[in-house]
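Q: Hey, I'm new to this one and would like a quick tour. Can we look at it together?
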Amino acid sequence: QQRMSQDGAGIDEVQANARLIAYAPELLAALENLIDAAERAYKGSCVIGLQFQVDHARAALAKAKAKKG
C-alpha cells in the first residue's frame, strides 16, 4: 500500500514535485540559454516550426517568471 500525503498525492508524486521545484532554477537557466542559442543559430533562416517553438518557450518562461499577487 502506497503512503499518501495530506492532499492525497502519493509519496512518489510528492518526491517528484520536490525534485522539480529544487531544480527549477537550473531548468529555467538552461531553457533561457537554449532559446538564446537557437535564435542566434537560426537567425534569418527559415526553419519550419523553430520560431513557433521559441515563442512557446518564451511564453512558458514569462509565466514561470511572473510574480503573483
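Q: What should the 16 residues of helix α2 span, and how far apart are its end C-alpha atoms?
A: This is a predicted model, by the way. Helix α2 covers residues 50–65, and at 1.5 Å a residue it should span 22 Å. Its end C-alpha atoms are 22 Å apart, which agrees.

Q: Okay, and which residues of α2 are buried?
A: Those are V54, A57 and L61. Looking down the axis of α2, the buried residues fall within an arc of 65°, so they line one face of the helix.

Q: Which exposed residues sit on the face turned away from that buried side?
A: There you'll find F52, H56 and K63.

Q: Back to the buried ones: what do they pack against?
A: They pack against α1, which is residues 11–41. Take A57: apart from its neighbours within four places in sequence, it is in contact with L31 and I35.

Q: Which residues make up the largest nonpolar core?
A: Five in all: I35, A38, V54, A57 and L61. Both α1 and α2 give two or more residues to this core, and α2 gives the most, with three. As a general point, nonpolar side chains tend to be buried together in soluble globular proteins.

Q: New topic: where is K65 found?
A: K65 is in helix α2. Leaving out neighbours within four places in sequence, K65 is in contact with L28 and E32.

Q: How many residues apart along the chain are K65 and L28?
A: They are 37 residues apart along the chain, while their C-alpha atoms are separated by 9.2 Å.

Methods
Residues are numbered from 1 along each chain as its sequence is written. This is a predicted model: local features need pLDDT of at least 70, side-chain atom pairs count only at pLDDT 80 or more; totals for chains, interfaces and linings use all residues. Side-chain values use heavy atoms; hydrogens and water are left out. Helices (H or I, at least four residues) and strands (E, at least two) are DSSP runs, numbered from the N terminus. The expected span of a helix is 1.5 Å times one less than its number of residues. Buried means under 20% relative accessible area, exposed over 50%, partly exposed in between (1.4 Å probe, protein chains only). The arc is that of the directions from the helix axis to the C-beta atoms. Contact means heavy atoms within 4.5 Å. A nonpolar core is a set of buried Ala, Val, Leu, Ile, Met, Phe, Trp, Tyr and Cys residues joined through side-chain atoms within 4.5 Å.
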